Amino acid sequence: MKIVDLRSDTVTQPGAAMRAAMAAAAVGDDVYGEDPSVRALQDRLASDLGFARGLFMPSGTQANLVALLAHCQRGDEYLVGMEAHTYKYEAGGAAVLGSIQPQPVANADDGSLALELLDKAVKPDDPHFARTRLLALENTWQGRVLARDYVRRAIDWARSRGLGLHLDGARLFNAAIASGTPPAELAAGFDTVSVCLSKGLGAPVGSVLLGSESLIESARRWRKMLGGGMRQSGILAAAGLHALDHHVARLAEDHARAQTLAAGLRAIKGIRVQACHTNMVFIDVPTERLRDLDRHLREAGVRASIGYLPSVRLVTHLDIDDAALARAIEAFARFS
Ligand SMILES: *Cc1c(COP(=O)(O)O)cnc(C)c1O
């Protein structure tokens with residue numbers, strides 16, 4: 001039985017066309033900056049998103065860490081959501097490897113960080129304190145698109161306080177498709193943006209960090225130090241280029257299927273659909289039933305993210321078609 005894996009959009013398998021593009025990729029040594037496929041991917045995303053340069057990296061975690069290292073010195077701090085990936089889900093890398101202090105701020109339900117809270121979190125210029133240097137936002141956040149108006153105000157606020165701006169745009173293309181906004185517009189005003197090719201876009205590996213000439217030059221050194229300098233990585237970049245050509249517009253299908261899934265689950269007693277935006281559905285079931293739900297779903301050949309987040313998370317993606325979706329809804333219906 002084929003597993004219907006709704007844990008994350010990272011589980012997608014590269015298809016035959018993507019593998020063919022990878023096999024055919026022109027490559028060189030990218031540590032020397034000589035891989036034509038990597039350069040093409042970096043240049044394409046830089047130009048599409050409105051930045052001077054891009055830098056290919058093995059993971060989004062490394063892209064975010066490298067960005068923080070490029071923005072902040074030892075003893076600096078960055079303002080970040082308490083539920084942000086760059087704070088909570090990256091093993092504390094900024095603190096451990098960068099001696100950069102995170103200053104977490106509570107995320108509102110829509111993913112925003114209230115400007116009043118940010119204002120209070122900025123430290124005065126005084127030897128008692130770390131130097132506040134950077135605001136890091138995330139879009140999408142838990143599957144939600146940040147309100148455009150909020151992002152504008154946050155950017156203006158950060159500039160007025162002399163802070164740099166980083167956007168964790170792991171799922172920036174989901175945000176663009178869902179909101180009908182060009183990705184360059186969502187990236188505008190940030191100094192650096194990281195985007196993932198291995199989430200909804202369906203590449204096996206890779207993230208790209210976008211930024212100015214000087215920030216990316218510095219990022220290149222940090223990437224090398226962290227062990228992210230790769231050689232014939234054009235094989236991987238070719239998958240990213242294929243994804244940009246073929247897997248962006250289709251994200252709308254994932255979003256539509258997430259809505260179908262949410263509607264199907266809403267109709268089932270004992271399940272509360274908490275949120276459904278872009279390609280993620282969050283549901284609540286009574287805590288004492290979570291283990292049973294996990295076992296039941298596994299037996300039915302369905303996987304969900306259970307126990308890792310406060311709610312159960314279901315993510316639609318490239319490898320979830322209508323039949324798979326129907327099987328998942330059926331499995332939930334049989335549980336209650
Ligand atoms: C997945 C993800 C990342 C990076 O993850 P990797 O698994 O390291 O590629 C960063 N930010 C967000 C919001 C993510 O969802």
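**Entry 1**

I looked up Val273 and found it opposite Ile283 in strand 10. The model is predicted, and I kept to its rules: local features need pLDDT of at least 70, side-chain atom pairs count only at pLDDT 80 or more, and totals for chains, interfaces and linings use all residues. Residues are numbered from 1 along each chain as its sequence is written, and side-chain values use heavy atoms, with hydrogens and water left out.

Strand 9 and strand 10 (residues 280-284) run antiparallel and are joined by five bridges. I take helices (H or I, at least four residues) and strands (E, at least two) as DSSP runs, numbered from the N terminus. Two strands pair if DSSP finds at least two bridges between them.

I then traced the open sheet of three strands, which has the order 9-10-12 and antiparallel pairing. Strand 9 (272-277) and strand 12 (312-315) are at the edges with a single partner strand each, so one side of each has no neighbour in the sheet. I noted an average twist of 20° from one strand to the next. For angles, axes are lines fitted to C-alpha atoms, for helices over the stretch in contact, and the values run from 0 to 180 degrees between N-to-C directions.

I found an open sheet of seven strands in the order 2-8-7-6-5-3-4, with mixed pairing. Strand 2 (53-57) and strand 4 (101-105) are its edge strands, each pairing on one side only. Neighbouring strands here are turned by 20° against each other on average, direction ignored. Helix 10 packs on this sheet and touches strand 2, strand 7 and strand 8; the direction of helix 10 makes about 20° with that of strand 2. Contact means heavy atoms within 4.5 Å.

I went on to strand 7 (residues 192-196), where five of five residues are buried. Buried means under 20% relative accessible area, exposed over 50%, and partly exposed in between (1.4 Å probe, protein chains only). Thr192, Ser194 and Cys196 point one way from strand 7, and Val193 and Val195 the other way. Strand 6 (residues 164-169) runs parallel to strand 7, with four bridges, and Asp168 stands opposite Ser194. Strand 8 (residues 207-211) runs antiparallel to strand 7, also with four bridges, and Leu209 stands opposite Ser194.

**Entry 1: Arg223**

I placed Arg223 in helix 10 (residues 213-225). Arg223 counts as buried because its relative accessibility is 3%. Leaving aside neighbours within four places in sequence, I listed the contacts of Arg223, among them Asp30, Gln42, Phe56, Gln62 and Gly228.

**Entry 2: helix 13 and helix 14**

I checked helix 13 (residues 290-299) against helix 14 (residues 322-335): they pack at an angle of about 135°, with axes 10 Å apart. The two helices are therefore oblique to each other. Angles under 35 degrees count as roughly parallel, over 145 as roughly antiparallel, 65 to 115 as roughly perpendicular and the rest as oblique. I noted Asp292, Leu293, His296 and Leu297 of helix 13 in the contact, with Ala331, Phe332, Arg334 and Phe335 of helix 14. By class, I recorded five nonpolar, one polar and two charged residues. Ala, Val, Leu, Ile, Met, Phe, Trp, Tyr, Cys and Pro count as nonpolar, Asp, Glu, Lys and Arg as charged, and the others, Gly among them, as polar.
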